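I opened this model to look up a few points of its packing and pairing. My notes follow in the order I took them.

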Amino acid sequence: MAFLLNGNPVNIDSEITINSIRYPHLRDPALREQLGVVEVADPEQYDQRFYWGVGNPKLLNDREEVDQDGNPMYVKVYDEATQSMVDSTERLITKGLKSQWIAQVKDTAGKMLAQTDWMVIRKAERNVDIPADVVTKRAAIVAECDRLEAAIAACAVVEALIAVVGNQGWPA
C-alpha cells in the first residue's frame, strides 16, 4: 500500500515536516487520519516486456507501416546527389513481440552452441570425435530452439506468448 498527503506520496516510516511541525514517522493511523494522509492501493503492476501499460499489450505480429492516408511507408536513406533523405525500396516494418522473442531465442541458442563450436570445427578439420555428451547437449539446444520458435510463431495473443516464454527448457 502507498500513502498520499495532498495527492503526493509520503513515506510513513521516515521523518516528515507538515505545517512546520516535525513528525518522526507517521505509523499511527489516528495521526495519519488527523493530518489527512490517505492510504491508496499500489498501482497495478504489468510486465513491461509485453505491455505498454495495464491492459495495453505491445504489438504481437510484425506490421508494415502506412502513413495517415494509408500509403505504404518506406525506410529512408540518405541520397548524396540531393543531400536529403529519400524513400528506399524497403518497406518500413515495425517488429512485433513474436519477431523479437524468436530473435532472442536464436541468440540464446547461438550463444549456448558457440561454447562447443570449436569441437565441431575440430571434427571437420581433423576428424577428432565430439564427445557424446556434447553431441547430446547440442541436439537438445537445437531442439529447444526449434520448439520455442514454433510455439512463439503459433501464439495468437500476448498471454500465450508470456506462457511460452515462461516455459523455456534450455539444457543445463
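This is a predicted model: local features need pLDDT of at least 70, side-chain atom pairs count only at pLDDT 80 or more; totals for chains, interfaces and linings use all residues.

**Helix α2 and its partners**

The axes of helix α2 (residues 97-114) and helix α5 (residues 158-165) come within 11 Å of each other, and they cross at roughly 10 degrees. Angles under 35 degrees count as roughly parallel, so α2 is roughly parallel to α5.

I then listed the residues that make this contact. From α2 they are Leu97, Lys98 and Trp101. From α5 they are Val158, Leu161 and Val165. Sorted by class, the contact of α2 with α5 has five nonpolar residues, one charged residue and no polar ones.

Next I asked how α2 packs with helix α4. Helix α4 covers residues 132-154, and its axis lies 10 Å from that of α2, at an angle of about 180 degrees. Angles over 145 degrees count as roughly antiparallel, so α2 is roughly antiparallel to α4.

I wrote down both sides of this contact as well. On α2 I found Lys98, Trp101, Ile102, Val105, Lys106, Ala109, Met112 and Leu113. They meet Arg138, Ile141, Val142, Cys145, Leu148, Glu149, Ile152 and Ala153 in α4. By class, the contact of α2 with α4 has twelve nonpolar residues, four charged residues and no polar ones. Lys98 and Trp101 are among the α2 residues in the contact with α5, and they are also among those that meet α4.

**Cysteines**

How many disulfides does a search of the whole structure find? I noted zero.

Cys145 is in no disulfide, and the nearest cysteine sulfur to its own is that of Cys155, 15 Å away. A disulfide needs the two sulfur atoms within 2.5 Å. Cys155 is likewise in no disulfide, with the sulfur of Cys145 as its nearest at 15 Å.

**A strand pair**

Last, I looked at strand β9 (residues 74-79) and strand β10 (residues 84-91). These strands pair in the antiparallel sense over five bridges. Across the pair, Lys76 stands opposite Asp87 in β10.

The hairpin of β9 and β10 has four residues between the strands. In this hairpin I noted that Gln83 takes a positive phi near 50 degrees.

Note on methods: Residues are numbered from 1 along each chain as its sequence is written. Side-chain values use heavy atoms; hydrogens and water are left out. Axes are lines fitted to C-alpha atoms, for helices over the stretch in contact, and angles run from 0 to 180 degrees between N-to-C directions. Helices (H or I, at least four residues) and strands (E, at least two) are DSSP runs, numbered from the N terminus. Angles under 35 degrees count as roughly parallel, over 145 as roughly antiparallel, 65 to 115 as roughly perpendicular and the rest as oblique. Contact means heavy atoms within 4.5 Å. Ala, Val, Leu, Ile, Met, Phe, Trp, Tyr, Cys and Pro count as nonpolar, Asp, Glu, Lys and Arg as charged, and the others, Gly among them, as polar. Two strands pair if DSSP finds at least two bridges between them.
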